[in-house]
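Colleague: I would like to learn how to read the local features of a model. Please take them one at a time, general idea before case.

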Amino acid sequence: MTDPRVRAAYSEGAGVYRIVPAAVAIPESTADIAALLDYAASSRTALIPRGAGSGMPGGNVGSGTIVDLSIGFADLEVDPHNRLARAGASVSWADVNDAAQPYGLRLPPDPSSGAFATSGGMVATNAAGPRTVRYGSVRKWVEALEVVGADGKVRRVKRGAGSGERFTLSDSASRLVAERFPKTKKNSSGYALDQFAASGDELDLLIGSEGTLAIVTAVQWRLDPIPPDVAGAALGFADLGAMTEAVPYLVSLKPSALELLDSTLLQFVPEAPAVACMLLVEFERETAAAVRGVVGDAVRGLKQSVTYVETAVDRAGLQQLWNVRRLASPALARLPPSQRSLQVIEDGCVPLDCLGDYITGLRAAAERRGIPVAIFGHAGDGHVHVNALPDTTRDGWRDALQHLFDDVTELLLGLGGVPSGEHGVGRLRAGVLERFYGSEVMALFRDVKRAYDPLSILNPGVIIPATDWSPLATLKVGDGAPAIPEDIATRLREVERSAAWATPKLELAH
Ligand SMILES: Cc1cc2nc3c(=O)[nH]c(=O)nc-3n(C[C@H](O)[C@H](O)[C@H](O)COP(=O)(O)OP(=O)(O)OC[C@H]3O[C@@H](n4cnc5c(N)ncnc54)[C@H](O)[C@@H]3O)c2cc1C
């Protein structure tokens, strides 16, 4: 489809960009995708694979042809006996879990976007969530992928099947990867050569490859039994130091979630208790006694440092405690129109012992650049989300935002962190990858890309930066935003404000 209204409806994702594509394709079968890839190879057309469009760093938008995989690949089958689910690329995390739940099973990593994030999108970004602190990112739960390669060939890539013939690492390259990959608990920044070196599985190159190596048509998920008992606590602290000291202690108790709400976020939630920062901790255990016992250990162990405690001994009580976090997003969405919540420094991850320094550095950078921020995230993984909230009616906001982006990149580099813990690199962060990994690892990334997609037709500019990379160009906000019909711009804004990413994008055009 090349209708201008359809193209406009696909010009934005959840991040900061507006890029009007040249065309949109909605394939209904693997054969359609193979045909698209043949066409793209012969015409040198860039294809941008896309799920729900909820990804943050611009991997789901681009100037070529959008390939919308959020509709046509909706098969879902649960095999409870083997604890597996085969989900088409369009199937959301919530749908997988709804189908698995009657068998007492679930897909443990729980992205907050699970209501709409597609199986294809989650695999492509190596998505994660609050429970990742205990259960890892989605990488660990992918048993096999069905993909169509840039050569149009349909393949199934299985865990344990080896490295395949496209790309291998020499011993010296493996040593380089071991030396250069940052030692963070989470990482969705570039091809996962460290995981590939460790497992020898091609699957680990494809997971997290952000639509740049192959198009995913189906995922075979591994499922896990739902633990019988859950409990937790909300713990408030008077200062950042006390909170960061509490984190390693709580991690040692093996929580299933350990979430941070910083004062910069809590100020937007009138219902929140008056504390400088808060940790929400959740435990899952085999018995009610065990789970209550560990909550008791958590509270007793921190009684000197907490200024506020509320506990919950069952699922319903926990839901109540987590309301503070849930209320934060709508509160941010209610900000005045001039103050936009922009995701440009939203996904940094640092070694756990640097968490306090990272938050202190973030607050200082925000102050220096005159841009308010809201800080929250996955404390147990050293992974912090930051919404930048510039006043976009103020002169110079764009330069200030660029400075903030640069400051936070420096900060992460200094702390041995990575720019993305779960959202991916996209277009936004492609140009800073070399600074994190060095030129030799970056050369390996380019080798991977060439091996899988020699003509660079799959999502060019994502992970491997475009020659004219400019992170804050073609923003959806401000004077320079590309023109699209006013009514579609309004609907796209509404999708963003209400997180209605499951809305079929064609509906926005009609
Ligand atoms: C409110 C909100 C909360 C969020 N919370 C989380 C969270 O807790 N954890 C988290 O990890 N992320 C979170 N995200 C980000 C986002 O939801 C995830 O990155 C998600 O995995 C993207 O899925 P999607 O279907 O929307 O993919 P898209 O945004 O459409 O695409 C994302 C990337 O994957 C590629 N891709 C998509 N489908 C395919 C496919 N079939 N084959 C190959 N490549 C493909 C695209 O090219 C792009 O590079 C959140 C986003 C929002 C808006």
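Modeller: Start with contact, which means heavy atoms within 4.5 Å. In this structure, not counting residues up to four places away in sequence, histidine 423 touches Met56, Pro57, Thr125, Ser188, Glu346, Asp347, His385 and Arg429. The model is predicted, so to speak of local features a pLDDT of at least 70 is needed, side-chain atom pairs count only at pLDDT 80 or more, and totals for chains, interfaces and linings use all residues. Residues are numbered from 1 along each chain as its sequence is written, and side-chain values use heavy atoms, with hydrogens and water left out.

Colleague: Where is histidine 423 found?

Modeller: Helices (H or I, at least four residues) and strands (E, at least two) are DSSP runs, numbered from the N terminus. Histidine 423 is in the loop between helix H14 (397-414) and helix H15 (433-437).

Colleague: Is histidine 423 buried or exposed?

Modeller: Buried means under 20% relative accessible area, exposed over 50%, and partly exposed in between, with a 1.4 Å probe and protein chains only. Histidine 423 is buried because its relative accessible area is 17%.

Colleague: Which side chain does histidine 423 join in a polar contact?

Modeller: A polar contact is a pair of N or O atoms within 3.5 Å; within protein, one must be able to donate a hydrogen and the other to accept it, and residues adjacent in sequence count only if both atoms are side-chain atoms. The side chain of histidine 423 has such a contact, of 3.0 Å, with that of glutamate 346.

Colleague: Which residues come nearest to the ligand?

Modeller: A residue is near a molecule or strand if one of its heavy atoms lies within 4 Å of it. There are 34 residues around the ligand, and Pro49, Gly51, Ser54, Gly55 and Ala128 come nearest. An oxygen atom of the ligand lies 2.6 Å from a polar side-chain atom of serine 54. A backbone N or O atom of alanine 52 is 2.9 Å from an oxygen atom of the ligand. For the side chain of asparagine 459, an N or O atom is 3.1 Å from a ligand oxygen atom.

Colleague: How much of the ligand's accessible area does the protein cover?

Modeller: Accessible areas come from the Shrake-Rupley method with a 1.4 Å probe; for residues, only the protein chains shown count as cover. On its own the ligand has 970 Å² of accessible area, and the protein covers 93% of that.

Colleague: Which element gives the most to the shell around the ligand?

Modeller: H4 does, with five residues. Strand E2 (47-50), helix H4 (119-125) and strand E9 (214-222) each supply at least two. By type, Ala, Val, Leu, Ile, Met, Phe, Trp, Tyr, Cys and Pro count as nonpolar, Asp, Glu, Lys and Arg as charged, and the others, Gly among them, as polar. The shell divides into 16 nonpolar, 15 polar and three charged residues.

Colleague: Asparagine 459 came up above; what is its phi?

Modeller: Most residues other than glycine have a negative phi. Asparagine 459 has a positive value, near 45°. This residue lies in the loop between helix H16 (439-452) and helix H17 (486-498), and asparagine 459 is buried, at a relative accessible area of 1%. Threonine 474, in the loop between H16 and H17, also has a positive phi, of about 45°. Threonine 474 counts as partly exposed because its relative accessibility is 38%.

Colleague: How many residues has the largest nonpolar core?

Modeller: A nonpolar core is a set of buried Ala, Val, Leu, Ile, Met, Phe, Trp, Tyr and Cys residues joined through side-chain atoms within 4.5 Å. The largest has 112 residues, and Leu145, Leu193, Trp221, Leu279 and Phe445 have the most contacts inside it. H14 contributes the largest share of this core, eight residues. A second, separate core has 22 residues, including Val275, Leu280, Leu321 and Phe376.

Colleague: How far apart are valine 350 and lysine 185 in sequence and in space?

Modeller: They are 165 residues apart in sequence and 7.9 Å apart from C-alpha to C-alpha. Valine 350 sits in the loop between helix H12 (315-333) and helix H13 (355-369). Valine 350 is buried, with a relative accessible area of 0%.
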